[in-house]
Amino acid sequence: MCRRLPFDYLKDVEMEQGIRLMRYVMPSNVFDDPQSNPDNQCYCDVDSGTCPPRGIINVTACSMGAPLVASFPHFYRGDPKLYEDIQGLSPNGELHDSFIDIHPTLGIALNGRSSLQLNIQVKKSSVFGALSFLPEGIILPIAWIEMALEELPESLQSLVYHGTFSTAAVQLGLAMFCSVTLLISSICMLMMIITRRRKPCATLKIIPADIELKT
């Protein structure tokens with residue numbers, strides 16, 4: 001797609017064995033028109049200045065000139081006009097959202113799903129008449145691409161489990177050790193201050209002397 005897709009933090013979730021993960025989701029406006037998402041201004045046609053409708057982006061530059069556009073599956077979160085003329089489409093957030101669950105300590109993705117749809121925009125030609133029955137400019141879905149990680153192998157589950165709780169135990173032990181050490185040091189310092197005798201800074205010694213006056 002020749003672009004980076006952002007993911008924003010949504011909430012904390014828990015996987016099996018009580019491991020807490022941070023869920024990041026793809027923003028709802030990632031494929032919006034430039035009026036809603038100014039970052040998509042560069043996907044408008046340079047010559048005509050026309051922009052794709054809300055819910056799709058033009059990826060012709062990455063497809064060797066083929067009129068391809070990308071979207072969420074079933075034109076989810078797109079302009080309703082995209083799926084009015086096509087039967088069988090039913091946008092569903094539970095199935096068509098993209099998310100990543102990241103371990104907060106290890107920093108690795110343990111669960112997630114990325115769903116994208118490739119579409120082709122009909123461009124009629126007098127030479128090729130096989131598409132004459134289709135409206136000019138209609139966008140047809142051709143592929144739904146989904147990458148998902150649903151279940152980790154047992155070896156990796158064990159590694160994540162020990163990495164999570166062992167690290168937490170070590171952190172708790174270090175925190176308690178530092179707290180106890182600080183408390184003992186504070187008590188010892190306080191006792192030294194109380195029991196210490198104050199000594200004068202200087203001692204004045206008076207020595208008697210005989211003074212003779214001579215005339």
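Visitor: Which side chain meets that of Arg23 in a salt bridge?
Guide: Please keep in mind that this is a predicted model. In it, the side chain of Arg23 meets that of Asp101 in a salt bridge, with 2.8 Å from N to O. Arg23 belongs to strand E2 and Asp101 to strand E5, so this pair ties together parts that are 78 residues apart in sequence.

Visitor: Is Asp101 buried or exposed?
Guide: A residue counts as buried when its relative accessible area is under 20%. Asp101 has a relative accessibility of 1%, and therefore counts as buried.

Visitor: How many salt bridges does a search of the whole structure find?
Guide: The search finds three. Another of them joins the side chains of Arg20 and Asp12, at 2.8 Å from N to O. Here Arg20 counts as partly exposed at 41% relative accessibility, and Asp12 counts as partly exposed at 38%. There is also a salt bridge between the side chains of Arg77 and Asp97, at 3.4 Å from N to O. That pair links distant parts of the chain, 20 residues apart: Arg77 is in the loop between strand E4 (68-71) and helix H1 (81-84), while Asp97 is in the loop between helix H2 (93-96) and E5. Arg77 is partly exposed, with a relative accessible area of 29%, and Asp97 counts as partly exposed at 23%.

Visitor: In which sense do strands E1 and E2 pair?
Guide: Strand E1, residues 8-14, and strand E2, residues 20-25, pair in the antiparallel sense over six bridges.

Visitor: With which residue of E5 does Tyr24 form a bridge?
Guide: The bridge partner of Tyr24 in E5 is Ile100. This belongs to the pairing of E2 with strand E5, residues 99-102, which is antiparallel and runs over four bridges.

Visitor: What is the phi of Phe75?
Guide: The general idea is that most residues other than glycine have a negative phi. Phe75 has a positive phi of about 55 degrees although it is not a glycine. Phe75 lies in the loop between E4 and H1, and it counts as buried at 1% relative accessibility. Arg77, found in that loop between E4 and H1, has a positive phi of about 65 degrees and is not a glycine either.

Visitor: Where is Phe72 found?
Guide: Phe72 is found in the loop between E4 and H1. Phe72 counts as buried, at 2% relative accessibility. The C-alpha atoms of Phe72 and Ser98 are separated by 8.9 Å, and these residues are 26 apart along the chain.

Visitor: Which residues gather in a patch of negative charge on the surface?
Guide: The patch is formed by Glu16, Glu146, Glu150 and Glu151. Among them, Glu151 has its place in the loop between strand E7 (139-149) and helix H3 (154-195). An exposed residue is one with over 50% relative accessible area. Glu151 is exposed, as its relative accessible area is 65%.

Visitor: Which residues form a nonpolar patch on the surface?
Guide: Leu183, Ile187 and Met191 form that patch, with about 300 Å² of accessible area together. One of these residues, Ile187, lies in helix H3. At 43% relative accessibility, Ile187 counts as partly exposed.

Technical notes: Residues are numbered from 1 along each chain as its sequence is written. This is a predicted model: local features need pLDDT of at least 70, side-chain atom pairs count only at pLDDT 80 or more; totals for chains, interfaces and linings use all residues. Side-chain values use heavy atoms; hydrogens and water are left out. Two strands pair if DSSP finds at least two bridges between them. Helices (H or I, at least four residues) and strands (E, at least two) are DSSP runs, numbered from the N terminus. Patches are made of residues with over 30% relative accessible area and no salt bridge: like charges are joined within 9 Å, nonpolar side chains (Val, Leu, Ile, Met, Phe, Trp, Tyr) within 5 Å. Accessible areas come from the Shrake-Rupley method with a 1.4 Å probe; for residues, only the protein chains shown count as cover. A salt bridge is a side-chain nitrogen of Lys or Arg within 4 Å of a carboxyl oxygen of Asp or Glu. Lys and Arg count as positive and Asp and Glu as negative; His and the chain ends are not counted. The place of a charge is taken as NZ of Lys, CZ of Arg, CG of Asp or CD of Glu. Buried means under 20% relative accessible area, exposed over 50%, partly exposed in between (1.4 Å probe, protein chains only).
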